[in-house]
Amino acid sequence: MVGKKKRKGGKTIVNLVLGVICFIWLLPTLGLFISSFRPAADILQTGWWKVFPHQEWKAGETLQLSKDVDLRQPIEVNGKTYTDDQLKAGVEVDDSRLMWENRRARTVNMQEQGWETKPDFTLDNYNNVLSGKEYKLTEADGSETVQKGTGLSQAFWNTLTIAVPATVIPVLIASFAAYAFAWLRFPGRKTLFVIIIAMLVIPIQVALIPVLKDYTALGLNGSYLGIWLAHTAFGLPLVTYFMYNFISQLPKDLFESAFIDGASHFTIFSRLILPLSVPALASIGIFQFLWVWNDYLVSLIFIGNQPSVQVMSMKIADLVGSRGNDWHLLTSAAFISMLMPLGIFFLLQKYFVRGLMGGSVKG
């Protein structure tokens, strides 16, 4: 009985800790989601939690002070004295708060606290992000014209065009390489594997300028092929290492039986390795897709910032405007950008844990 109680208590503590961690992780997402539907004025003035019932100071009775009150001296209000700074910030008295209503006119407002909600929601942010915000321009003759900016639709398809091949290509190449390093014997195998793993510690920024020079000479800069190759090269070391850890732990008996039956290495890879490696492929595929989808620097260097080829991260950064006057649009734009990675993760989540655990233990 004591052992059961201890196990039950330990399970409760673990569940409680996991619940707190999940709440902490989900809270910013909830705030982003709520803010994406709030009017721009509300986003700029108050936090997203104000949509829920909360206590707030409301304007109440107005107290008129004498016009000759010296603000440099203690100011008497309802028999008590306060400083000018206190009335500027608001001073609580019993269940009310005294605060300047019009300092020049010497009027003080006695605010009362009450429950307040701000459930105003709108789709304007999403309309401006998806279809483009409308701008009013004044012409030289004084007339006004309305121009519509570009939305996220083109950037979304550009990002998808880059992310899918830049995920499939390195995962496929790394799977071939991992199989070769794990089960084939050839000269320099260990040395080559160590070199590939050593590339994990090389910062991407170090390789940008040399690769860009080669791209310019070959005419690959600004093309989808160039960005696919760049993401493939930068992602291969990690993907190869991950897949090697999984494939190298597969039972040796599988390969011996296949060789006895006369199967070639390609047949073994396509008929045995790939089906068995689906959890690992899905796991590393999620990581690679998320990295490419959220990438800014590599896309900026190798494909550019022109509207026709902009990716989501560049377009979202441009939405705020040159002076940051439209930063409230980032809430809806960021949430739209999250939908595809979230969809991919939930679609492949059943393989995710199995893929991460695969190869961690033998037997």
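This note sets out numbered points on the predicted model shown above.

1. Overall content. The protein comprises 14 helices and eight strands. It has 363 residues, of which 35% count as buried. Among contacts with a separation of 6 or more, 67% are between residues 24 or more positions apart.

2. The largest nonpolar core. This core has 29 residues, and Val129, Leu152 and Phe302 are the members that touch the most others. At least two of its residues come from each of these helices: H4 (124–131), H5 (153–183), H7 (204–218), H8, H11 (278–293), H12 (297–302), H13 (312–319) and H14 (329–357). H5 supplies the largest share, five residues.

3. Once residues up to four places away in sequence are set aside, valine 129 touches Gly151, Leu152, Leu319, Leu329, Ser332, Ala333 and Ile336. As general background, nonpolar side chains in soluble globular proteins tend to be buried together.

4. Asparagine 125. This residue lies in helix H4. Its relative accessibility is 3%, so asparagine 125 counts as buried, the cut-off being under 20%. Beyond its neighbours within four places in sequence, asparagine 125 is in contact with Ser35, Ser36, Arg38 and Ile43, and also with His328, Leu329, Thr331 and Ser332. Proline 39 is 86 residues from asparagine 125 along the chain, yet their C-alpha atoms are separated by 7.6 Å. Leu329 and Ser332 are also listed among the residues that valine 129 touches.

5. Packing of H8 against H11. Two packed helices are described by the angle between their axes and the distance between the axes. For H8 and H11 the angle is about 155° and the axes are 10 Å apart. The two helices are therefore roughly antiparallel, a term applied to angles over 145 degrees. Their crossing is right-handed. On the H8 side the contact is made by His231, Phe234, Gly235, Val239, Phe242, Met243 and Phe246, and on the H11 side by Ala280, Leu281, Ser283, Ile284, Gln288, Trp291 and Val292. Sorted by class, the residues of this contact are ten nonpolar and four polar, with no charged residues.

6. Packing of H6 against H8. Helix H6 (residues 189–198) packs on helix H8 (residues 224–247) at an angle of about 125°, and their axes are 8 Å apart. That angle makes H6 oblique to H8. H6 passes H8 in a left-handed crossing. From H6, Phe193, Ile196 and Ile197 meet Pro237, Thr240, Tyr241 and Tyr244 of H8. This contact has six nonpolar residues, one polar residue and no charged ones.

7. Arginine 106. A point for attention in the backbone is arginine 106, which has a positive phi of about 60° although it is not a glycine. Arginine 106 is found in the loop between strand E5 (96–102) and strand E6 (107–116). It counts as buried because its relative accessibility, 16%, is under the 20% cut-off.

Conventions:
Residues are numbered from 1 along each chain as its sequence is written. This is a predicted model: local features need pLDDT of at least 70, side-chain atom pairs count only at pLDDT 80 or more; totals for chains, interfaces and linings use all residues. Side-chain values use heavy atoms; hydrogens and water are left out. Axes are lines fitted to C-alpha atoms, for helices over the stretch in contact, and angles run from 0 to 180 degrees between N-to-C directions. Helices (H or I, at least four residues) and strands (E, at least two) are DSSP runs, numbered from the N terminus. Angles under 35 degrees count as roughly parallel, over 145 as roughly antiparallel, 65 to 115 as roughly perpendicular and the rest as oblique. A crossing is left-handed if the near helix is turned anticlockwise from the far one by less than a right angle, and right-handed if clockwise. Contact means heavy atoms within 4.5 Å. Ala, Val, Leu, Ile, Met, Phe, Trp, Tyr, Cys and Pro count as nonpolar, Asp, Glu, Lys and Arg as charged, and the others, Gly among them, as polar. A nonpolar core is a set of buried Ala, Val, Leu, Ile, Met, Phe, Trp, Tyr and Cys residues joined through side-chain atoms within 4.5 Å. Buried means under 20% relative accessible area, exposed over 50%, partly exposed in between (1.4 Å probe, protein chains only).
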